[in-house]
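User: Could you take a close look at how aromatic rings and helix packing come together in this protein, and walk me through it in one connected account?

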Amino acid sequence: MEPRAAQLRRRAGPRGEQEDPPSGGEPPSGSSESSGSIGGNAEAHGGPDLVQWTRHMEAVKMELLDQLQGQLLDLLDRAMSEAVQSYPPQGGPPSDSLSKTQEPSLKKRKVFVIRKSLLDELMEVQHFRTIYHMFIAGLCVFIISTLAIDFIDEGRLMLEFDLLIFSFGQLPVALMTWVPMFLSTLLVPYQALRLWARSQAGGVWTLGMGLGCVLLVAHITLLGVLPVHVASEYQLPPASRSVLVFEQVRFLMKSYSFLREAAPGILHAKGGKGVQAPSFSSYFYFLFCPTLIYRETYPRTPSVKWNYVAKNFAQALGCVLYACFILGRLCVPVFANMSREPFSTRALVLSVMHATLPGIFMLLLIFFAFLHCWLNAFAEMLRFGDRMFYRDWWNSTSFSNYYRTWNVVVHDWLYSYVYQDGLWLLGGQARRAAMVGVFLVSAIVHEYIFCFVLGFFYPVMLILFLVIGGSMNFMMHDRHTGPAWNVLMWTMLFLGQGIQVSLYCQEWYARRHCPLAQTTFWELVTPRSWSCHT
């Protein structure tokens with residue numbers, strides 16, 4: 001297809017010559033008028049046709065770019081996978097006589113490359129920045145509404161941060177508890193590995209292994225008991241508890257990754273030859289860099305952009321304030337007195353529907369504040385090159401893809417040390433069993449985090465994650481790629497977040513309105529919101 005003006009110019013011939021006469025008759029009369037008419041048509045219709053042609057070519061260009069990008073990504077993924085599978089183990093060429101303990105790590109290892117986070121790339125597009133500006137405008141609306149309500153009710157303009165102050169109460173206690181947790185993680189796993197290396201080199205294998213295992217047991221006990229004791233003894237509020245439980249889980253996962261990656265090479269060295277523990281500096285760097293997979297070295301960026309670091313920390317703080325406004329305006333007024341009203345199915349359903357909007361806002365804020373802002377800030381400070389902490393989970397058409405792309409940092413750890421190692425232990429034949437094991441471990445850890453932060457046991461997350469999420473993972477598989485499946489996934493996310501926010505808020509206020517007369521095990525694990533309706 002070409003513009004009408006171009007067609008007419010081509011028919012007219014060079015230098016404005018007349019058209020050829022029709023094949024069946026004489027030339028038409030009034031050729032000058034005809035030429036003028038043709039020129040008028042070219043001038044009148046050339047502009048709109050040219051605009052349409054430009055738009056059509058832009059659409060074709062974007063379609064071709066999308067197809068090329070998808071094919072290029074698939075090609076690079078296959079090339080990277082083949083390169084990793086053919087990569088020889090450290091210390092020698094590939095060998096078919098590798099021990100079983102080395103096989104899982106050589107099947108599919110995490111490859112770190114220098115790349116930006118997806119949102120940083122998308123923020124370069126003006127249309128996506130406008131969506132970001134819309135969220136900032138929403139925060140401004142919350143602030144204005146708070147000021148307006150305070151002015152109407154109290155006759156004064158003042159932003160109150162009671163919820164924020166309560167949530168981060170006794171934060172110094174949590175930070176002081178973090179110090180021995182960090183020192184234990186810094187010293188014990190590394191010293192245990194050095195003991196194992198020395199025992200291999202010196203021939204005193206039993207003594208070195210025994211001492212190393214005793215140190216690790218003490219380390220696990222400290223990380224498991226100390227945060228729980230401090231949180232219950234000092235009655236820490238939710239945000240301060242979050243600091244402890246997230247650091248507790250992070251230190252345990254990093255300790256395991258360090259030992260899992262470094263220990264096999266030491267324990268299976270023949271005769272203690274070439275036994276050498278990793279450098280302490282590499283382990284120290286690993287404890288702070290935003291990954292849970294240990295490597296001796298990582299790709300590094302050439303310099304630190306401190307303005308980028310400050311921007312990400314400021315955005316993370318803004319997300320915390322945003323979350324407080326959402327809870328204070330959309331959740332507290334609804335659920336604070338709900339346990340004092342008679343129970344009804346209608347009230348429960350309406351509370352879940354009401355909680356879907358604040359629930360999905362909380363999900364997006366947690367994602368942006370932690371997985372993007374917080375991790376990118378530390379990655380920039382440490383010049384950590386691989387910034388792929390998440391993928392385009394919002395485009396997922398299946399729950400299996402959503403679980404893989406929502407939190408790549410945790411997914412890499414689960415895939416490497418739970419799925420692959422579990423699959424190896426099962427002989428490589430029970431993939432579904434290994435996948436169920438991943439869901440079980442992840443669901444238990446998620447439920448433990450919620451229980452620790454909120455201070456009570458209410459297995460909403462366990463049921464949603466393990467039962468419903470696990471079922472959806474097998475039913476909504478990757479073969480479903482239509483847009484309707486993406487709509488279904490988002491609908492399930494909205495409902496799931498609404499259920500969590502509604503039930504956890506009801507239980508939180510029920511435990512304050514109906515305190516226990518006697519503390520027994522069954523009363524502690526029985527939801528109070530089921531019976532507290534005064």
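This is a predicted model: local features need pLDDT of at least 70, side-chain atom pairs count only at pLDDT 80 or more; totals for chains, interfaces and linings use all residues.

Analyst: For helices, an axis is a line fitted to the C-alpha atoms over the stretch in contact, and the angle between two axes runs from 0 to 180 degrees between their N-to-C directions. The axes of helix 9 (residues 238-267) and helix 14 (residues 408-425) come within 12 Å and cross at roughly 50 degrees. Because angles from 65 to 115 degrees count as roughly perpendicular and those under 35 degrees as roughly parallel, helix 9 is therefore oblique to helix 14. The crossing in which helix 9 passes helix 14 is left-handed. On the side of helix 9 the contact is made by Met253, Tyr256, Ser257, Arg260 and Glu261, which meet Val410, Trp413, Tyr417 and Asp421 of helix 14.

Helix 9 also spans position 254, and lysine 254 lies over the face of phenylalanine 286, at 4.2 Å from the ring centre.

With centres required to lie within 6.5 Å, the count comes to 46 aromatic pairs. One of them joins phenylalanine 313 and tryptophan 374 edge-to-face, at 5.4 Å centre to centre and with 75 degrees between the planes. This pair links distant parts of the chain, since phenylalanine 313 belongs to helix 11 (residues 306-335) and tryptophan 374 to helix 12 (residues 345-381), 61 residues apart. Phenylalanine 313 counts as partly exposed because its relative accessibility is 28%, and tryptophan 374, at 38%, is likewise partly exposed.

Phenylalanine 450 and tyrosine 504, by contrast, form a stacked pair, with 5.1 Å between the centres and 25 degrees between the planes. Phenylalanine 450 lies in helix 15 (residues 431-454) and tyrosine 504 in helix 17 (residues 483-513), so the pair ties together parts that are 54 residues apart in sequence.

Notes:
Residues are numbered from 1 along each chain as its sequence is written. Side-chain values use heavy atoms; hydrogens and water are left out. Rings of Phe, Tyr and Trp (its six-membered ring) pair if their centres lie within 6.5 Å; planes under 30 degrees apart count as stacked, over 60 as edge-to-face and the rest as tilted. Helices (H or I, at least four residues) and strands (E, at least two) are DSSP runs, numbered from the N terminus. Buried means under 20% relative accessible area, exposed over 50%, partly exposed in between (1.4 Å probe, protein chains only). A charge sits over a ring if NZ of Lys or CZ of Arg is within 6 Å of the ring centre and within 35 degrees of the ring normal. Angles under 35 degrees count as roughly parallel, over 145 as roughly antiparallel, 65 to 115 as roughly perpendicular and the rest as oblique. A crossing is left-handed if the near helix is turned anticlockwise from the far one by less than a right angle, and right-handed if clockwise. Contact means heavy atoms within 4.5 Å.
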